[in-house]
Amino acid sequence: MIKLNKNKLLTIKAQEKKREYKDKKLEGIEFEGVMCSATFRDQSGLLAIKQYLDHGGASTIFNFENGNKLEITRSNFDSFYTAWSRFRSSFFNNINIEEEQL
């Protein structure tokens with residue numbers, strides 16, 4: 001029988017939580033019937049699209065990291081980005097595993 005110390009167990013739990021969050025970010029959030037992943041790569045691309053729209057672009061098709069596509073326009077960007085960024089930010093402060101969660 002292998003006995004794990006508390007620090008090792010905390011490390012394992014933190015790694016499991018990170019994998020779970022990675023999977024959830026890749027699965028994404030639904031918007032207009034499309035599951036939109038919320039990875040770092042998606043975030044970078046969406047910021048580029050925001051600049052494109054702010055400089056006169058009308059619409060574009062965005063390819064999310066999970067393989068899904070969404071037409072993003074000036075009229076839907078703000079509502080989409082509000083929902084999407086709330087979903088993505090929900091992962092930022094939840095990585096720490098406390099002893100009482102073991």
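**Entry 1: salt bridges**

I began with Lys24 and Glu20, whose side chains meet in a salt bridge at 3.1 Å, N to O; the term stands for a side-chain nitrogen of Lys or Arg within 4 Å of a carboxyl oxygen of Asp or Glu. I note here that this is a predicted model, in which local features need pLDDT of at least 70 and side-chain atom pairs count only at pLDDT 80 or more, while totals for chains, interfaces and linings use all residues. I also keep in mind that residues are numbered from 1 along each chain as its sequence is written, and that side-chain values use heavy atoms, with hydrogens and water left out.

Where do Lys24 and Glu20 sit relative to each other? I found them 4 residues apart in helix α1 (residues 6-27), so they are separated by about one helical turn. Lys24 is partly exposed at 39% relative accessibility, and Glu20 is partly exposed with a relative accessible area of 32%; the classes are buried for under 20% relative accessible area, exposed for over 50%, and partly exposed in between (1.4 Å probe, protein chains only).

The structure holds 3 salt bridges, and I looked up Lys50 with Asp54 next, where the closest N and O atoms are 3.1 Å apart. Lys50 and Asp54 are 4 residues apart in helix α2, which means that about one helical turn separates them. Lys50 counts as partly exposed at 33% relative accessibility, whereas Asp54 counts as exposed at 54%.

Arg41 and Glu65 also meet in a salt bridge through their side chains, at 3.9 Å from N to O. Because Arg41 lies in helix α2 and Glu65 in the loop between β3 (59-63) and β4 (69-73), this pair ties together parts that are 24 residues apart in sequence. I read Arg41 as exposed, at 60% relative accessibility, and Glu65 as partly exposed, at 36%.

**Entry 2: Ser37**

Is Ser37 buried or exposed? Ser37 is buried, with a relative accessible area of 0%, and it lies in the loop between β2 and α2 (40-54). I then looked for polar contacts, meaning pairs of N or O atoms within 3.5 Å, where within protein one atom must be able to donate a hydrogen and the other to accept it, and where residues adjacent in sequence count only if both atoms are side-chain atoms. A polar atom of the Ser37 side chain lies 3.2 Å from the backbone nitrogen of Glu65, and the side chain of Ser37 also reaches the backbone nitrogen of Asn66 at 3.3 Å. Leaving out residues up to four places away in sequence, I listed the residues that Ser37 touches (heavy atoms within 4.5 Å), among them Lys25, Gly28, Asp42, Phe64 and Trp84.

**Entry 3: strands and loops**

How do β3 and β4 pair? They pair in the antiparallel sense over 5 bridges, and two strands count as paired if DSSP finds at least two bridges between them. Within this pairing, I noted that Phe62 has Leu70 in β4 as its bridge partner. The hairpin of β3 and β4 has 5 residues between the strands, and there Gly67 takes a positive phi near 95 degrees.

Glu32 is found in the loop between β1 (29-31) and β2 (34-36), and it is exposed, with a relative accessible area of 54%.

Notes:
Helices (H or I, at least four residues) and strands (E, at least two) are DSSP runs, numbered from the N terminus.
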